[in-house]
Amino acid sequence: MTVMTAQASTRAPSINTGWVRYLWRMAMLLVLVVFSLGVSQVAVAQADPEREMITAAPGISADQWRQVRSGDTSSNYRDSRHDSNYSLINASGETWRILRNRWVSPFGLIAVFGMASLIALFYLIVGRKELEAPRTGKKILRWPLLMRSLHWSMATLFIVLALTGMNLLYGKFIFRPLFGDAIWGAMISASKVSHNYLGPLFAILLIIMLVSVVKKNIPRKHDLEWLKQAGGLLKKGQHPDAGFSNAGEKVWFWLLATVGLALVISGFVLDFPNWGQSRDTMQWANIIHAVCGLGLTAVSLGHIYIGTLGMEGSIEGMTTGYVDETWAKEHHSLWYEEVKDQAITEEEVAARKAGDGHSEPSATRTS
Amino acid sequence: MAQMKFMCDAERCIECNGCVTACKNANDVEWGIQRRRVVTLNDGEADEMSISVACMHCDDAPCMAVCPTDCFYKTDDGIVLHDKDLCIGCGYCLYACPFGAPQFPKQNAFGERGKMDKCTFCAGGPADSKEEEYAKYGSNRIAEGKLPLCAEMCSTKALLAGNAQDVADIFRQRVVHRGHKDGAWSNNPQASTDNLAYDAARKG
């Protein structure tokens, strides 16, 4: 348009020559500008394609891929997904997978089955620890009703949790090919639901249990001697001194107080994703939970063995609540010295139990 | 048989979120779940880069390896699918997945997450009827001979889906065109003998 008006103005010689010159210059300038635009566009088109690419679409550098792998979610990180706090690449996922599948799974199995076979071997070679002296027939209260119910509730929960937990880790290798998808689906779903709902219940009972027996499980000097002699389990007639709890029971208590609590805490982290803990936190919680759970399961086999098959008279303390005087004297000598005056006959025990239960002392004396 | 793969060209993605929307629309994905997400690094800076990411249908899929119910399976096309009837919502696939692909409709107490949902490469999943399949997993475009809608609709063709070899060929051509010396395959001993890469090095 401007060029055209300039051309039109040249056809009007009547106008002042200064103005004409001025318009001429303007016209020439405009023509030059328009022409140069064309030339420069050609120049751009012929530019180095590599340089053009650098300006048009900056290449993604190795540094940026390193940034991706680092799990960066700094202030200039955006994720289009609602409420997402996930990095682009979850690098720790692979670590978790390797830890779980290559370490925890096989070694957990080795721990549990290794323990079971060791106990079986021990039973076959050394055998049951019988009472040395004949039973006196007099009974001493060892576990009052409340503690017995607490113990058996925990025992039931522990077994259910151990079995469902192991089903979550190993079940797919055995039961899916064995039963087929329909039964397997119901089975694994029930495992997960019961594990998740019963777990917190076990946690509460564990804490109550730990608090109620902590006084009986403070380590003492004579416990060292007990441990050195392996509780007299290996030799006939050997009975190292022990209070209400022997060193073996104390080890079990402190395992529950440390590993058990770690198990319970990591369990809560996994069981309540609504608390907003991150994916990474749950990965670690899962490893801790599995290691502690499998470890305690392995050790619990020892506890179960010694309480049932492994030693004569032990189970009575947890079923009837009363132990025989001879059992107390042999296995808990120091405790026996304290409570021997409380020994009662079986008839008296029966009379106590027939009563409304109030006559049964609610707690035993501690050693 | 094809080996299906996604690939997102980070130098082309313009963060338009078209893939996210296309996926939600094609698969009628549950509220609160986005099977595909677009991640932007260094937003607003000179080295800003965006990538669209969903399930990458790994060859050695970590989700498959850690799933307690073994609900994952691989189709003949290399697509990783899962059976929602078997899924117990434990979240392990999410812990293991490199791409944050598995998602859960809920995140409640006692590990109540509901059934896991993730990208199916628009290949549906195990179900007795077409209706059930659509309701549970979304559309099965693969059965209709179509590729995933996200990639089909990508405006800059940053997101590619299809047979791994075809996707790789397209991407390699692009990189060669961009003039990388080793034709995109860094540290690949084959790069030196690769004709395209060789030409690129000459022309560059």
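# How the terms apply to chains A and B

Mentor: In this predicted model, 46 residues of chain B are in contact with 50 residues of chain A. Residues are numbered from 1 along each chain as its sequence is written, while chains are lettered from A and ligands numbered from 1 in the order in which they are written. Because the model is predicted, local features need pLDDT of at least 70 and side-chain atom pairs count only at pLDDT 80 or more, whereas totals for chains, interfaces and linings use all residues.

Trainee: What makes two residues count as being in contact?

Mentor: Two residues are in contact if their C-beta atoms, placed from the backbone, lie within 7 Å. On the side of chain B that touches chain A, the elements giving two or more residues are β2 (37-41), β3 (49-53), α2 (62-66) and α3 (92-96) of chain B, and the largest share, five residues, comes from β2(B).

Trainee: How are the residues of that side of chain B divided into nonpolar, polar and charged?

Mentor: There are 23 nonpolar, 14 polar and nine charged residues on the side of chain B that touches chain A. Here Ala, Val, Leu, Ile, Met, Phe, Trp, Tyr, Cys and Pro count as nonpolar, Asp, Glu, Lys and Arg as charged, and the others, Gly among them, as polar.

Trainee: How do you know that strand β1 (residues 78-79) of chain A and β2(B) pair?

Mentor: Two strands pair if DSSP finds at least two bridges between them, and β1(A) and β2(B) have two bridges, in the antiparallel sense, so by that definition they pair. In β2(B), Thr40(B) is the bridge partner of Arg78(A). Within chain B, strand β1 (residues 4-8) is joined by five bridges to strand β6 (residues 159-163), and these two run antiparallel; Met7(B) stands opposite Leu160(B) in β6(B).

Trainee: What makes a stretch of chain a helix or a strand?

Mentor: Both are DSSP runs, numbered from the N terminus, with helices being H or I of at least four residues and strands being E of at least two. By this rule chain B has seven helices and six strands, and from the N terminus on its elements run β-α-β-β-α-β-β-α-α-α-β-α-α.

Trainee: Why is Lys130(B) called exposed?

Mentor: A residue is buried if 20 or more other C-beta atoms lie within 10 Å of its own, exposed if 12 or fewer, and partly exposed in between, with C-beta atoms placed from the backbone. Lys130(B), whose place is in helix α4 (residues 130-137) of chain B, has 12 C-beta neighbours inside 10 Å and therefore counts as exposed.

Trainee: Why is strand β1(B) described as largely enclosed by the rest of the structure?

Mentor: Four of the five residues of β1(B) are buried, so the strand is largely enclosed by the rest of the structure. In chain B as a whole, buried residues make up 45% of the 204 residues. Helix α1 (residues 18-27) of chain B has buried residues too, including Cys19(B), Val20(B) and Cys23(B), and what covers the buried residues of α1(B) includes β2, β3, α5 (149-153) and β6 of chain B.

Trainee: How does the span of helix α7 (residues 181-213) of chain A compare with the span expected?

Mentor: The expected span of a helix is 1.5 Å times one less than its number of residues. Helix α7(A) has 33 residues and reaches 45 Å from its first C-alpha to its last, which is close to the 48 Å expected.
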